Amino acid sequence: MTMPQSPAQAPVQSPGQTSVQSPEFAAFARSVREARTCRRFREDAAVPLAALHALVDTARVCPSGANRQPLRYAVCADAARNGAVFPHLRWAAYLKDWGGPVPGERPAAYIAVLCDKKGSPTPEIDLGIAAQTIQLGAQALGLGCCMIGAFDRDGVRAALGLDAAPFATLDLVLVLALGVPAETRVLDIVGEDGDIRYHRDADGTHRVPKRSLASVLLLAHGDGDADTMG
């Protein structure tokens, strides 16, 4: 069995040796690309509470404006409560002919994110960092994730038991739906028509257009090998 290297044995890479070709960066970049929004799940594949706890435990140590740490979380992997949450969610505005996941394809778990905005300078930034961290963590666990900002707040609060003290003073700002994916999601490059709307092809694959690097990288000052980063 290969033993892990101690800090003294581990190779140290100087700033001048930083390389986008490193296997660690390649794995990270692949995870980001694969952690697409998922809207259809294997509802019968349970998500253990331990996984939800681990995701929140990872999100809680993320950077926070002035280190105020205004975010709070409620997690749910209970089928009955999940069923009570689902009717209050809105799904996929671009898919006009799709009313959301059907029974059997609905989320197996939820993480509700609440925020105490008092005294927090950048609650929206904190929320984005935490939500993306949870989505990447879900990807690492083999789970799909959908960040849902369009929902009936009173309905979700009631379904999760968040409509009473001490939770009533916190703003419910985001619902993360999770489960084992039951759909394929792929990235495309935005075409010449500039259409950025996600859609499903004839095979049911969910296709997500993304702008090219050349269209979003405006300036690159320096003497590095930026032309090889494509």
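**Reading salt bridges in a predicted model**

Modeller: The side chains of Asp-195 and Arg-197 meet in a salt bridge, at 3.0 Å from N to O. This is a predicted model, in which local features need pLDDT of at least 70 and side-chain atom pairs count only at pLDDT 80 or more, while totals for chains, interfaces and linings use all residues. Residues are numbered from 1 along each chain as its sequence is written, and side-chain values use heavy atoms, with hydrogens and water left out.

Biologist: What is a salt bridge, and how many does the structure hold?

Modeller: Side chains of opposite charge can pair when their charged atoms come close. The term requires a side-chain nitrogen of Lys or Arg within 4 Å of a carboxyl oxygen of Asp or Glu, and the structure holds 8 salt bridges.

Biologist: Are Asp-116 and Lys-118 buried, partly exposed or exposed?

Modeller: Buried means under 20% relative accessible area, exposed over 50%, and partly exposed in between (1.4 Å probe, protein chains only). Asp-116, at 23%, is partly exposed, whereas Lys-118, at 65%, is exposed; their salt bridge has its closest N and O atoms 3.0 Å apart.

Biologist: Which parts does the salt bridge between Arg-200 and Glu-183 tie together?

Modeller: Arg-200 and Glu-183 pair at 3.6 Å, N to O. Arg-200 lies in strand β6 (residues 199-200) and Glu-183 in the loop between β4 (171-179) and β5 (185-189), so the pair ties together parts that are 17 residues apart in sequence. Strands here are DSSP runs (E, at least two residues), numbered from the N terminus. Glu-183 is buried at 9% relative accessibility, and a network of salt bridges links Arg-40, Glu-183 and Arg-200.

Note on methods:
Helices (H or I, at least four residues) and strands (E, at least two) are DSSP runs, numbered from the N terminus.
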